[in-house]
Structure formats: structure tokens, C-alpha cells
Amino acid sequence: MSIALHAFEEDRAPAGRLAALLDTPLSLVQTHTFPDGECLPRVPKAMPTTLVYRSLDRPNAKLVELLLAADAWRRIGVRRLVLVAPYLPYMRQDKVFSEGEPVSQRVVAGLLDSAFDRIVTVDPHLHRTKSLASLFNHAECTVVRGGDALIPFLRSSPFAAGSLIVGPDAESEQWARYVAEGLGLRHGVLAKQRRGDRDVVLSVPPGLEVHGAPVLLVDDICSTGATLAAAIRTLKAAGAKTIAVFVTHGLWTDAAIGYLRSAGADWIAASDSCNQPAEEVPLAKVLAAALRNEI
Ligand code: R5P
């Protein structure tokens, strides 16, 4: 065995699926939490090249624990430390929107850059930033597409045939187009105006023919569900026949899934990048393909 694969307890299931495909045993990091809330990770025996699986949804505590663990891996001789973080956090704050704010995307990328030699992630939310690599000075970056896991999954499901693929806003055009091209289907995006964290207004732009179509809504992230619930309502009002939803990263804050169901979603799925209760589309195969060169 030439590499080690380590993970934290909450990622045991998706990391285990990856370990099986890489034919590598999975070892778990143990973490002690002190009464004052500080954490002390203890990493298992490692190899000179060690892969670390840690998705960084709900990121604040996870990031600190991960950076401490990275120090521990270096101290026991790991020379190449590869982070497999299917969800990369803080990517949406890619500029100062109002005076007094940080550019969180750069701060978080800088922390990971200082600790890891390679970052493998899935559909990072890059809007104004042209490439993930431009955020890192040292670490190599590999971006895996959630669509590559979704497309084969959809081919054997009832949700693709004849569907119109729709992104809820201009930023989601890249994900919608990728899935549509992979399945040979037409796609379009809605027009979105965000008025607050949980308040968005959407409309169907002229030329996007929705009436009578089964629709597959595709986006990179669902957090509160405000965007997708508004999209579902807008598409239903425009005459969509059925509405299926796929997001790469189901953060499902608030009661997002219930919110989407009551808006009228017929099927809701997400990749297994975050621990979540929707139907799961596993990423293990596409992640394993990206990691083959480490073995
Ligand atoms: C933003 O541009 C993202 O792609 C998602 O549309 C957004 O993060 C979803 O957030 P929420 O579910 O809270 O509307």
C-alpha cells in the first residue's frame, strides 16, 4: 500500500466508499474536545502520501480541527498531504459586497494553502474568481464536477428523459449547461434578484419555454432552500409538468427539504458531499478517478 486515507468520524460513510474504490483502508482521526471547547485531534499512522477526506460544510469548527490535524500529519512525516474536501466553504464571499467585510474566499483558501499540497473538491462556487487555482500559491487544485456523478445516475432514472434542465440563476448556468450537454437536453436559467438571506424573487426569462415540460432544476448549493423553493413556485406557475431537483451540495439549513417539498418538488437529490437527508448521488467514483495518480 502506497498511500493512507484518513477521515473524521462524520465522513465515515462517503470516505469509506472512496476507500473501497481506491482499495485503501480508511483510518479515522480521533478528536478530544476539552471542557472549554478547544479540540485536540490525534491522527492515525500515516504514509508519506496521505489523503485526508473532510468535507467542510458547517465549516468553522471543522476548519480549526483540520488545520491542527495537518500540523500533526507533518510532524509524523507526511510529505504529501492531499485534502479531499468535496464541499469547499466560504467561496461565495469572493469580494467585499459592503464596506467593512472580508474577502472570506481568499482567507480560507490561504489557510488551506498553508497546510496542504493538493486540494480536490467538487463544484466550488466560483463566480467572479476565474479558477480555483488562482486562489492557491502552493497547493495544486483539482475540481471534480458533480455533474459527472449525476449524469450516469440520471441516465438510469425516470427524471432525465425529455426534461428541461433549469438553473435558478445566472450563476448556475455552468452547472445546468454541463448536465444538459451530458444528457443531450435543452437548458435555460431563471432571472434572480436576491433581497436577503431568505428572500429571493425569480422569473422565467422571455424565450424559455416551460409549459408542459418535466423540469430538472440544477444548482451547486442549496442552503436555506429560498432560491430553489422560489424556482419551483415560478416554474409551476409557468406550467412545468413535474419538478425534480439536484444540487451538488445539500447544506439544507433551516427546514430546506420540507420547504422544497411544500413548494412542489417531486424528487430531491444531492451528492453525498454533505451529511444530509435527501436522496444521495455518491461522488466516490468521480473522486477516485481524480485521485488515481496518487496511488
Ligand atoms: C448562490 O449563488 C448559490 O449558487 C445558491 O443558489 C445559494 O447559495 C442557495 O442559497 P439558498 O438555498 O439559501 O437560497
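**Entry 1: the second largest cavity**

I looked up which residues line the second largest cavity, and my list reads Tyr87, Leu88, Tyr90, Met91, Arg92, Val122, Asp123, Pro124, His125, Ile221 and His249. A cavity here is a set of points, on a 1 Å grid over the protein atoms alone, where a 1.4 Å probe fits but cannot get out, and lining residues have an atom within 4 Å of a point. I noted a volume of about 40 Å³ for the second largest cavity. A volume is the space filled by probe spheres set on the points, with grid points joined across faces, edges and corners.

I keep in mind that this is a predicted model, where local features need pLDDT of at least 70 and side-chain atom pairs count only at pLDDT 80 or more, while totals for chains, interfaces and linings use all residues. Residues are numbered from 1 along each chain as its sequence is written, and side-chain values use heavy atoms, with hydrogens and water left out.

By class, I get seven nonpolar, two polar and two charged residues in the lining of the second largest cavity. For these classes, Ala, Val, Leu, Ile, Met, Phe, Trp, Tyr, Cys and Pro count as nonpolar, Asp, Glu, Lys and Arg as charged, and the others, Gly among them, as polar.

I checked the backbone of Tyr90, and its phi is positive, about 65 degrees, although it is not a glycine. I found Tyr90 in the loop between strand 5 (80–84) and helix 3 (104–115). Helices (H or I, at least four residues) and strands (E, at least two) are DSSP runs, numbered from the N terminus. Tyr90 counts as partly exposed, at 32% relative accessibility. The cut-offs are under 20% relative accessible area for buried, over 50% for exposed, and partly exposed in between (1.4 Å probe, protein chains only).

Asp123 also went into my notes: its phi is positive, about 40 degrees, and it is not a glycine. Its loop runs between strand 6 (118–122) and strand 7 (140–144). Buried or exposed, I asked of Asp123? It counts as buried, at 4% relative accessibility.

**Entry 2: the largest cavity**

How many cavities of 30 Å³ or more does the structure hold? I wrote down two. The largest cavity has about 60 Å³ of space. Its lining includes Asp123, Arg145, Trp175, Tyr178 and Asp219, and I remember Asp123 from the lining of the second largest cavity.

Helix 4 (146–155), helix 5 (173–183), strand 12 (214–222) and strand 13 (242–250) each give at least two residues to the lining of the largest cavity. Helix 5 has the largest share, three residues. By class, I get five nonpolar, three polar and three charged residues there.

The rule asks for NZ of Lys or CZ of Arg within 6 Å of the ring centre and within 35 degrees of the ring normal. Elsewhere, the charged end of Arg54 sits over the ring of Phe8, 3.7 Å from its centre.

**Entry 3: the largest pocket**

Next I looked at the largest pocket, with about 1100 Å³ of space. A pocket is an open set with protein on both sides within 12 Å along at least five of seven lines. Of its 37 lining residues, Arg92, Arg194, Asp197, Ile221 and Ser223 are the closest to its centre. Strand 10 (191–196), strand 12 and helix 6 (226–237) each supply at least two lining residues.

Where does the largest pocket lie? It lies between domain 1 (3–144) and domain 2 (147–281), because both give residues to its lining. The domain bounds come from an automatic or database domain assignment.

I also followed Ile221 to Ser172: they are 49 residues apart in sequence and 9.4 Å apart in space, C-alpha to C-alpha. Ser172 is buried, with a relative accessible area of 0%.

**Entry 4: an aromatic pair**

I counted one aromatic pair. The rings of Phe153 and Trp267 have their centres 6.1 Å apart and their planes at 20 degrees, so I call them stacked. Rings of Phe, Tyr and Trp (its six-membered ring) pair if their centres lie within 6.5 Å; planes under 30 degrees apart count as stacked, over 60 as edge-to-face and the rest as tilted. Phe153 is in helix 4 and Trp267 in strand 14 (residues 267–271), 114 residues apart. Phe153 counts as partly exposed at 23% relative accessibility, whereas Trp267 counts as buried at 8%.
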